[in-house]
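Here is a short briefing to read alongside the model. Take a look at the structure first, and then we can walk through some of its contacts together.

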Amino acid sequence: MVSEVKVQKISGIDLWQWRNQAKQEALAADVPVGELDWLLENITGLEHLALQSETFKSQDEILLSSSMSDVSSLWNKRLNDRVPVEYLIGLAKWRKFSLLVSPDVLIPRPETEGLIDMAIAAVKNSSLNLTQGHWADLGTGSGAIAIALADAFPDIIIHAVDCDAAALNVAKANAKRYGVADRINFYQGSWFEPLAHLKGKFSGMIANPPYVPTSFAQKMQPEVAYEPQFAVYGGGVDGLEHVRHLLKFAPDYLISGGVWLLEMMVGQAEVVTQLLQTQGGYQDIQIHIDYAGRNRLASASRI
């Protein structure tokens, strides 16, 4: 006998009352109210505008994918345990995508979106045709960068590398979710190691490596403790151990005129610029601001 699935329902006015209380709790806990609506969008299927305008209040019945007691439990985990809301619902908004995430991958941040904007600008301004050939996403995590590259440049072949098998499973699921799995080659390994067969062939390479010094651990937001720590802390006194490795070997993999794009931490721009200049093999070295106006991104091209 097949058991009947019980559909969860709530009236618009009851949901409105719950949301109002939850908003006050968010403000008291210094949690962005927008996270509450992201949770409700995924539980109720209501659109963001409907939640913001509160037009749902007049609905007699709203269907839920979970009971309100479960929703309240999830919200309490966000407020009291500081679990990121993206992990609670298993999804993260990034650019125009809604990406699957788990504690096996970093939650994609808005500042990282700038790397894609920089890639688009670099391709537009290059005298070469960088809209074809090979591109790499080093430390792919959720696959966000690789998927955005596939969306921006339909004719490139993308190679996404991560050292963690569980992270790669998430990235592969996201690539399949957006119909680009056939254009992304996934590799498990350390940085360039799986790409030795493609030395000197990349039109572009992007990396969002670990770059936070371990000495900053006590200063980080409590939510960061739920993310994979090896993807947060970059090693060395200044957190740039992985960055140094990447900058040292990237020229070996890029074509002449190929683009190198990198994310870093606030305060690291001067050191990263010096590393690019002294390493050799780079030209057109630039530091770029993120959406918050901070020096967080670097670009260069292969001589």
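Is tyrosine 178 buried, partly exposed or exposed? With a relative accessible area of 31%, tyrosine 178 is partly exposed, because that class lies between the 20% limit for buried and the 50% limit for exposed. Please keep in mind that this is a predicted model. The points below start with the ring partner of this tyrosine and move on to other contacts.

**Aromatic rings**

- The structure contains three aromatic pairs, and one of them joins phenylalanine 97 to tyrosine 178 in an edge-to-face arrangement.
- In that pair the ring centres are 5.1 Å apart, with 80 degrees between the planes; it counts as edge-to-face because the angle is over 60 degrees.
- The two partners come from distant parts of the chain, 81 residues apart: phenylalanine 97 belongs to strand E4 (residues 97-100), and tyrosine 178 to the loop between helix H8 (165-177) and strand E7 (184-188).
- Phenylalanine 97 has a relative accessibility of 6%, so this residue counts as buried.

**Charges over rings**

- Lysine 57 places its charged end over the ring of tryptophan 16, at 3.7 Å from the ring centre.
- Lysine 219 does likewise with phenylalanine 216, where the charged end is 4.6 Å from the ring centre.

**Helices H1 and H2**

- Helix H1 (residues 12-29) packs with helix H2 (residues 33-44) at an angle of about 145 degrees, and their axes are 9 Å apart.
- The crossing of H1 past H2 is right-handed.
- On the H1 side the contact includes Leu15, Trp18 and Arg19, while Val33, Leu36 and Asp37 are among the H2 residues they meet.
- By type, the residues of this contact are eight nonpolar, one polar and three charged.

**Two buried loop residues**

- Glutamate 223 sits in the loop between strand E8 (202-207) and helix H9 (241-253), and its relative accessibility of 11% makes it count as buried.
- Beyond its neighbours within four places in sequence, glutamate 223 contacts Arg78, Arg82 and Pro84.
- Leucine 130 is in the loop between helix H6 (113-125) and strand E5 (133-138), and at 1% relative accessibility this leucine is buried too.
- Setting aside residues up to four places away in sequence, leucine 130 touches Ala122, Val123, Trp135, Ile156, Ser203, Ile255, Gly257 and Val259.

Key
Residues numbered from 1 in each chain as written. Predicted model: local features only at pLDDT ≥ 70, side-chain atom pairs only at ≥ 80, totals over all residues. Heavy atoms only, no water. Phe/Tyr/Trp six-rings, centres within 6.5 Å; stacked < 30°, edge-to-face > 60°. Helix = DSSP H or I, 4+ residues; strand = E, 2+ residues; numbered from the N terminus. Buried < 20%, exposed > 50% of the residue type's maximum accessible area, 1.4 Å probe, protein only. Lys NZ or Arg CZ within 6 Å of the ring centre and 35° of its normal. Axes fitted to C-alpha atoms, helices over the stretch in contact; angles between N-to-C directions. Left-handed = near helix turned anticlockwise from the far one by under 90°. Contact = heavy atoms within 4.5 Å. Nonpolar A, V, L, I, M, F, W, Y, C, P; charged D, E, K, R; others polar.
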